[in-house]
Amino acid sequence: MTGMIALLVLLSLIVLFPRYGAWAQLRRWRFLRQREQVEDALKHLLSREQEGRHASLESLAGCLGLSTARTLRLIEEMQKQNLVEWQGRRLHLTPQGERWALHVVRAHRLWERYLADEARMPLEKIHAEAHRREHGLSEAELDALEAALGHPSHDPHGDPIPDEGAAAGQPEGIELTRWDLDRPARIVHLEDEPELALAQILASGLRLGQIVRVIERTPQRIVLSDGENEYRLAPAVAANIYVVEAHRVEKAPGAIPLSRLPQGQEAEVVEIDPSVQGFTRRRFLDLGLTPGARVVPELSNFFGDPRAYRLRGTLIALRQDQAEKIWVRRSQNNPTEAL
Amino acid sequence: MKRLNATGCESCPAYAGLEQMGLRADHFDRVVALAGNPNTGKSTLFNLLTGLKQHTGNWPGKTVTRAEGGYQFRGVRYKLVDLPGTYSLLSASQDEEVARDFILFGRPDCVIVVADATALERNLNLAFQVMEITEKVVIAVNLMDEARRKGLEVDTRLLSRELGVPCVPISARRGEGIYDLLSTVADVIEGRIQTHPRRIQGTPEFQQAVERLVPLIEKLAPGVPNARWIAIRLLDGDAHVQEALLSGELLRRVARQRQAETSFSRKMAVEGRQ
Amino acid sequence: MSESEMLAQEVLREAERLRRSLSGNFRDEMVKSLYTEAERVARRAVRPIGERKYDLDRLLDRLVTSPWTGLPIMLLLLAVIIWITVVGANIPSELLAQLLFGIEAFAADLFTAWGAPWWLTGFLWHGVWRGLAWVISVMLPPMAIFFPLFTFLEDLGYLPRVAFNLDWLFKKAGAHGKQALSMAMGFGCNAAGVIATRVIDSPRERLVAILTNNFVPCNGRFPTLIMLATIFVAASFPPLLSSFVAAATVLAVVLIGIGFTFLMSWLLTRTLLRGEASAFTLELPPYRPPNVWRILYTSLIDRTIFVLWRAMQTAAPAGALIWILGNVYLGPMSLAQRLAAFLNPLGHLLGLDGAILLAYVIAIPANEIVVPTLLMIYMGTGMMTELPSLNMLKELLVQQHGWTLLTAINLMLFSLLHNPCATTILTIYKETGSKKWATWSVIVTLGSAFVVTFLVATLARTIFRQ
């Protein structure tokens, strides 16, 4: 008998205990879950508005993967919080809703920057991870994150990171599929969804900031050239690449990645690839990899990775995947030493 | 107190007037910080001056925390603080933060920047950064013997002129130039040598931005010794300095310094960051 | 909000505004102008004098990093250092042991003469003192040889080259090339190896290095490995070959340990310690002639004495515990024998036996006293014991306690993979400042030891018994 009572007490404790009990946990989980849904909905509305299209009940339900009834409940909840309003069948963000949406976008892009720079996650993985982390951060926490990252201006896909309160720049450029043949274009944005398309683009070797020309376009494929290599993509994949007019010559002619510089060949640093940001970039700069610095690959080991470079009087070893991000130009004068 | 003849350099004039004080650095009159790139012989110099045996190894990143010791020169007791070897004070990695915070907030009476004569360019980058923070800088151009072996000659007089702070050639391993270094440090501290460190100009845009911020900072914290440097750090978005500004930490330090101008630097040196 | 706070906010806002108004990246521009200025000044102040002599540094570097000579030189150096350590430590170890055990015998006699009760004499001298004496006499000489040699290579500037040579492998495992240094240091002493991970600046990669350091056998485990390789593996070969076979066996075990280091690093960076890889930069400093006195001071005072002191702190209580277990009787069997019997089923499952497991549990302060403790349990003596010759040892193990080749191999594997000694665990706790990681270091190693020995035992039994 006492055993039964003890068991009951224990069970009710497990369920009802404040903060740590199952009931409290469930409630918190539901609260967080709803907040996530609200934030995802806000993002959807924001992106629709920036594209000049309007969000509807159906588009929102489709984006969130919810039934129409549940989406309606969500919208009601959001209306109560004064985040959205109906204009006929169109759903609009209120100024308050837009502020919150921008906050989430900022969180998302800052996290992407963090994951790419500091955690060095592969680019095609960061969108999903950032999506998990973007919720529930306060303004102050975001400010701290931004400061720690050195106030980046763009996310790793090339999208501008909104300032606190300021309007989010929408991705510049137009889809590559609509670009004229043979007109030099600079890649300014790689759409991060669907993940598969991004992975394909990255696997082909295309990077943000690269200058390309469309040399062939058929319904089956699009062929690009950067003057050295050719890239073949399915049009559906190419539509995820956004380009603008290549006004200035981005890479000095003849610039090659440091990783490809032959042993003993002196070269001059042109720039650190813009995709390298945050701590890694600061470290590179502090080591003296500034434009104009002279480097010579001096040592290589059994595996060919890392290699050691003579840089401003010191031997510094860099892994090949890092040296790939440093653009150099061969010096005119001879190799320092032909050993 | 051990005279430095144990190392086998009894007749060496370099050591005249130097007494190593090892760890007994509790009563001292001046605080001197040792900064420099990794592998420049900073620790060799530290051990030579203090008689301590701090091991660093020929391996960067070994000294993560600062080591302290003492020496006496011409009757004045100096506390010597060996900062972690870094290439820069900007990256905000842990050891760079330790080094920078001590130079900024520890307010040493003088900073010796140990530079490697065989890789001067890289070492001067750090020297310039230290010179942005404080005026009381002496540059010890170490490894002069190695540079000669590599067929390089360093003109330290020209270097002093270019940088606006005294540069002293030394060879810490052989104990050459130590007397010169110590008397130069003493002269800089006592004001017998006036330093005018050369500061980086940067682009006109950069200069304008700095010039706009400096008066604001001086208004906020009158008497702050390095408003220019703080302006640069704020422009760079240095979270640490922003924090110090917002929390009033910077103000408190300036106020406290004015209250007790003389004892302040010593006290802070003991407390370090706290 | 006070006036100054408002002013501070204003300053920050203005800085923010200015930063955004600047074209280009502020940091890039600033560092560039710093270096440009440094370059200009350096170019004026530095003049080449005369012809540059042939650069010895470069020649050396080519030799120790080149694809074909780099790795062999590295392995050779490692082998030579371990060999010098193991061989060179024999005689001083013997002398120290004679001295310290002589003191024990003398003091015990004195106590008996004074009429002290047997348990007091036993506890103090055959327990606590013997534990200390054993640890000192087997630990001190190898460390006093290994650390100076290692410090010599360190001060010379060779170790960053090792990191350079091996970084690719470590990168594949998600770790940092500098882990090569802490790993090499681990051959001397895992506690020192854990301290050596300080050179790795990224916290995550440093933790990987700390948690896997124990997979390389330290000085304390080499004698056990050599003993087992000699009397079980090499004995069946002709005398001429046998010492080669023994050496090859030990080398194979070391390589398995290194393999495990990579495997566990790989696993850890994909499970417990995901993400946050740091930028890899490694300076290869110029070679510098090391200062002999500094080397001796550092390696003897900072490293050897430091580690020995930590080991002694744990050895004394362990000595006491071992003595109690060997001398308290429950019925006809001592406590130690009862516990061994209790652990026997588990030991059997792993291809070992209960006494071995018990020896590893109670000899946790130092790997050096595992075998003496084991012999104490087997022979039922009341104190840690040694046998005068390898043959007698083999007879005891094989004839009386049924050891097979499987037992020997699994014991070697267990010795290689099992949990760190108490000194190392304590050091891990002090270095990471967290009980969590100290616990994980035990879980990771002990887990691998159990899994591997269990698999080997099961495999061997399935193959050979059917």
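**Exercise 1. The overall form of chain A**

What percentage of the contacts in chain A with a separation of 6 or more comes from residues 24 or more positions apart? Determine also how chain A is built and how far it is spread out.

*Solution.* The structure is a predicted model, in which local features need pLDDT of at least 70 and side-chain atom pairs count only at pLDDT 80 or more, while totals for chains, interfaces and linings use all residues. Residues are numbered from 1 along each chain as its sequence is written, and chains are lettered from A and ligands numbered from 1 in the order in which they are written.

Step 1. Two residues are in contact if their C-beta atoms, placed from the backbone, lie within 7 Å. Of the contacts in chain A with a separation of 6 or more, 61% are between residues 24 or more positions apart.

Step 2. Helices (H or I, at least four residues) and strands (E, at least two) are DSSP runs, numbered from the N terminus. Chain A has 11 helices and 14 strands.

Step 3. The radius of gyration is taken over C-alpha atoms, and the globule rule is 2.2 Å times the number of residues to the power 0.38. For the 339 residues of chain A the rule gives 20 Å, whereas the radius of gyration is 26 Å, well over that value, so chain A is more spread out than a compact globule. The C-alpha trace of chain A spans about 90 × 55 × 35 Å along its principal axes.

Step 4. A residue is buried if 20 or more other C-beta atoms lie within 10 Å of its own, exposed if 12 or fewer, and partly exposed in between, with C-beta atoms placed from the backbone. By this criterion, 36% of the 339 residues of chain A are buried.

**Exercise 2. A helix of chain C with two faces**

Which residues of helix 3 (residues 56-65) of chain C are buried, and what covers them?

*Solution.* Step 1. The buried residues are D61(C), V64(C) and T65(C). They lie on the same side of helix 3 of chain C because they cover an arc of only 85 degrees around the axis (the arc of the directions from the helix axis to the C-beta atoms).

Step 1. The face turned away from the buried side of helix 3 of chain C carries the exposed residues L56(C), L59(C) and L63(C).

Step 2. The cover of the buried residues includes strand 11 (294-300) of chain A, as well as helix 4 (70-114) and helix 6 (159-172) of chain C.

**Exercise 3. Strands across and within chains**

Give the order of the open sheet of seven strands, then describe the pairing of strand 4 of chain B.

*Solution.* Step 1. Two strands pair if DSSP finds at least two bridges between them. The order of the open sheet is 9(A)-14(A)-10(A)-11(A)-12(A)-13(A)-2(C), with antiparallel pairing. Its edge strands, each pairing on one side only, are strand 9 (256-257) of chain A and strand 2 (281-284) of chain C.

Step 1. Within this order, strand 10 (residues 267-272) and strand 11 of chain A pair in the antiparallel sense over two bridges. E268(A) has R294(A) in strand 11 of chain A as its bridge partner.

Step 2. In chain B, strand 4 (residues 76-82) is mostly covered, with five of its seven residues buried. Strand 2 (residues 30-36) of chain B pairs with strand 4 of chain B in the parallel sense over five bridges, and V31(B) stands opposite K79(B).

Step 3. Strand 3 (residues 67-73) of chain B pairs with strand 4 of chain B in the antiparallel sense over seven bridges, and Q72(B) stands opposite R77(B). Strand 3 and strand 4 of chain B form a hairpin with two residues between them, and R74(B) in the turn has a positive phi of about 50 degrees.
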